[in-house]
There are 2 protein chains.
Amino acid sequence: MPTRDEPVYVRVEGEHILGTLITPGSLVPGVLFVHGWGGDQRQYLARARDVAGLGCVCLTFDLRGHAQTQAQYESVSREESLRDVLAAYDFLAAQHNVDSDAIAVVGSSYGGYLAAMLTEIATGQVARAARAGVVQGLGMDAAEAQAPGRAGPREIPAAAGETRGKQGAAGMPVVHRRRALVESEHDTIIPHQVIVNYREACVSARSLTYRMIEGADHGLSSESMQAAYTGLLVKWFKEIVFGAKPAEPVPAEPAPASATSETAPAVA
Amino acid sequence: MPTRDEPVYVRVEGEHILGTLITPGSLVPGVLFVHGWGGDQRQYLARARDVAGLGCVCLTFDLRGHAQTQAQYESVSREESLRDVLAAYDFLAAQHNVDSDAIAVVGSSYGGYLAAMLTEIATGQVARAARAGVVQGLGMDAAEAQAPGRAGPREIPAAAGETRGKQGAAGMPVVHRRRALVESEHDTIIPHQVIVNYREACVSARSLTYRMIEGADHGLSSESMQAAYTGLLVKWFKEIVFGAKPAEPVPAEPAPASATSETAPAVA
């Protein structure tokens, strides 16, 4: 089994002693899940387990103003939410077994908007801090909705991206700038045009996967809608992050002008 | 693949948000390596990699007074060394993927003495802090030698131990109170009687493995002696920690009165 050495500092009586942590196995991708406005981390817990089972370390968390900090619901700002997401991202990237060059972000609704923001911040600010190279923003089934302060940007400023072709220690290709957008067909909160805007903004995404969940509402209120979203996520991770082909080939149809050949119409 | 949930607190702007870290795979045993007096962590680095390759998280470290803190070589006390070992133990036990109920400690010479001390402290003090149940002290190829302040105890106060039979998440039995002693045949630093004393002190060890490395000196000064020690360690971990039978059966011989049936004469 391969192992990894990592220098560590162990604190003892106000001093530090130098150590080396030797861990079996390879670094694995990290996946951050961001719940929607008014939700909490439970929204993504089961999905996070499904994705972790593929070989990722996953992190769900409660945005301030939600769950145990519900008291701040009325006062929390979008900037604070973004700082929450950044802190959670840093926490995940600092895990010993996480490849900080391969972190994906998944969010729903307001969480999808924050995920889109994070991927841009992370490529600049966080990368400057030598913490991470590029992250993926994906799984945004809706965005810009219900956000405190609606004046969100109209686009995801998609930076020039490329597949670096670097092989992860487990032989998995490290993919950058892969984006996925999932739309609910009957979403009365997020207008279809918002999704179109997001898609249009992904001009230089190395890969773009757009799916519509047929018959679904904004909150994915039935079990079958939830399962459809989970299925899309897991399939995306298998294909894009772990490089496996989807179990069933998706029928080829003409891709919209704004999307790469990986774009396909709704399958669920 | 199995996954594990762990509640975590993520710090953001002086507050904490609650999260859940979901990790693939099962908890694995931790192994702490303690170098001898005058040595440093490099003494155990290659061995730690070999053991980590079996599926453990390993930690080597430099005792104060050694390596980068060599300036304290003359002034460091045995108590400080023990605090170093405790801090390293805590650091290892706190790793997200380490089963804090299954931590082994390996030490050479002075490090073996510290390992023996730690296993007793850990069962009491550390267990009271709800950090760890029982640890193993093993791989002490010599002890009590070269320690600052020689008045070490004449025995390892072996607490009542039992195999709890609890199955680790990976299906590995969690073993407690397994001890191994490795002696160098031509050790001019540690008298044979010290090893006998250690062995006698292991009266209630659930398993005791004693091996002599034939022709070896205290410092295991040749490559073949080093390899023999590494081989013994790896074999012990395979058999006792991971429950696999040794690749080659050890010829059965009468065990000394003080040892359980797992005790066998020198094989290397």
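This is a predicted model: local features need pLDDT of at least 70, side-chain atom pairs count only at pLDDT 80 or more; totals for chains, interfaces and linings use all residues.
A:E13 is partly exposed, with a relative accessible area of 45%.

## A glutamate in a loop

A:E13 is placed in the loop that runs between β1 and β2 of chain A. Its backbone carries a positive phi of about 50°, although the residue is not a glycine. Chain B shows a corresponding entry: B:E13 lies in the loop between β1 and β2 of chain B, and phi of B:E13 is near 50°, a positive value in a residue other than glycine. B:E13 counts as partly exposed because its relative accessibility is 45%, a value that falls between the limits of 20% and 50%.

## Salt bridges around B:R64

Side chains of opposite charge can pair when their charged atoms come close. The side chain of A:E13 forms such a pair with that of B:R64, a salt bridge with an N to O distance of 2.7 Å. B:R64 lies in the loop between β4 and α2 of chain B, while A:E13 belongs to the loop between β1 (3-12) and β2 of chain A, so this pair joins two chains.

A second salt bridge links B:R64 to A:E15, at 2.9 Å from N to O. Here A:E15 is part of strand β2 of chain A and B:R64 is in the loop between β4 and α2 of chain B, so this pair also joins two chains. With a relative accessibility of 26%, A:E15 counts as partly exposed.

B:R64 has a further partner within its own chain, for the side chains of B:R64 and B:D84 meet in a salt bridge of 2.7 Å, N to O. Since B:D84 lies in helix α2 of chain B and B:R64 in the loop between β4 and α2, the pair ties together parts that are 20 residues apart in sequence. Is B:R64 buried or exposed? B:R64 is buried, because its relative accessible area is 1%, below the limit of 20%. B:D84 is buried as well.

These bridges belong to a network of salt bridges that links A:E13, A:E15, B:R64, B:R83 and B:D84. Another salt bridge is formed by the side chains of B:E13 and A:R83.

| First residue | Second residue | N to O distance |
|---|---|---|
| B:R64 | A:E13 | 2.7 Å |
| A:E15 | B:R64 | 2.9 Å |
| B:R64 | B:D84 | 2.7 Å |
| B:E13 | A:R83 | 2.7 Å |

Over all chains, a search of the whole structure finds 12 salt bridges. The count between chain B and chain A is eight.

## The interface as a whole

The contact involves 46 residues from chain B and 46 residues from chain A. Together the two chains bury about 3,700 Å² between them, and 58% of that area is on carbon and sulfur atoms. Within chain B, the residues that lose the most area to chain A are B:I17, B:L18 and B:I22, which together make up 15% of what that side buries.

Polar contacts also cross the interface: 20 residue pairs of chain B and chain A are in polar contact, with both residues at pLDDT 80 or more. On the side of chain B that touches chain A, at least two residues each come from β1 (3-12), β2 (15-24), α1 (42-52), β4 (57-61) and α2 (78-93). Which element gives the most to this side? β2(B) does, with nine residues. By type, the residues of this side divide into 23 nonpolar, 13 polar and 10 charged.

Strands also pair from one chain to the other. Strand β2 (residues 15-24) of chain A and β4(B) pair in the antiparallel sense over four bridges. In this region A:I22 stands opposite B:C58, a residue of β4(B).

## Chain A as a fold

How many helices and strands does chain A have? The secondary structure comes to five helices and eight strands. Along the sequence of chain A, they follow the pattern β-β-β-α-β-α-β-α-β-β-α-β-α. Of the 268 residues of chain A, 56% count as buried. Among contacts in chain A between residues at least 6 apart in sequence, 72% join residues at least 24 apart.

A:A104 lies in strand β5 (residues 98-107) of chain A. A:A104 counts as buried because its relative accessibility is 3%. The C-alpha atoms of A:A104 and A:C58 are separated by 9.3 Å, and the two residues are 46 residues apart along the chain.

Notes:
Residues are numbered from 1 along each chain as its sequence is written. Chains are lettered from A and ligands numbered from 1 in the order in which they are written. Side-chain values use heavy atoms; hydrogens and water are left out. Contact means heavy atoms within 4.5 Å. Buried area is the accessible area (1.4 Å probe) that two parts lose on being put together, summed over both. A salt bridge is a side-chain nitrogen of Lys or Arg within 4 Å of a carboxyl oxygen of Asp or Glu. A polar contact is a pair of N or O atoms within 3.5 Å; within protein, one must be able to donate a hydrogen and the other to accept it, and residues adjacent in sequence count only if both atoms are side-chain atoms. Ala, Val, Leu, Ile, Met, Phe, Trp, Tyr, Cys and Pro count as nonpolar, Asp, Glu, Lys and Arg as charged, and the others, Gly among them, as polar. Two strands pair if DSSP finds at least two bridges between them. Buried means under 20% relative accessible area, exposed over 50%, partly exposed in between (1.4 Å probe, protein chains only).
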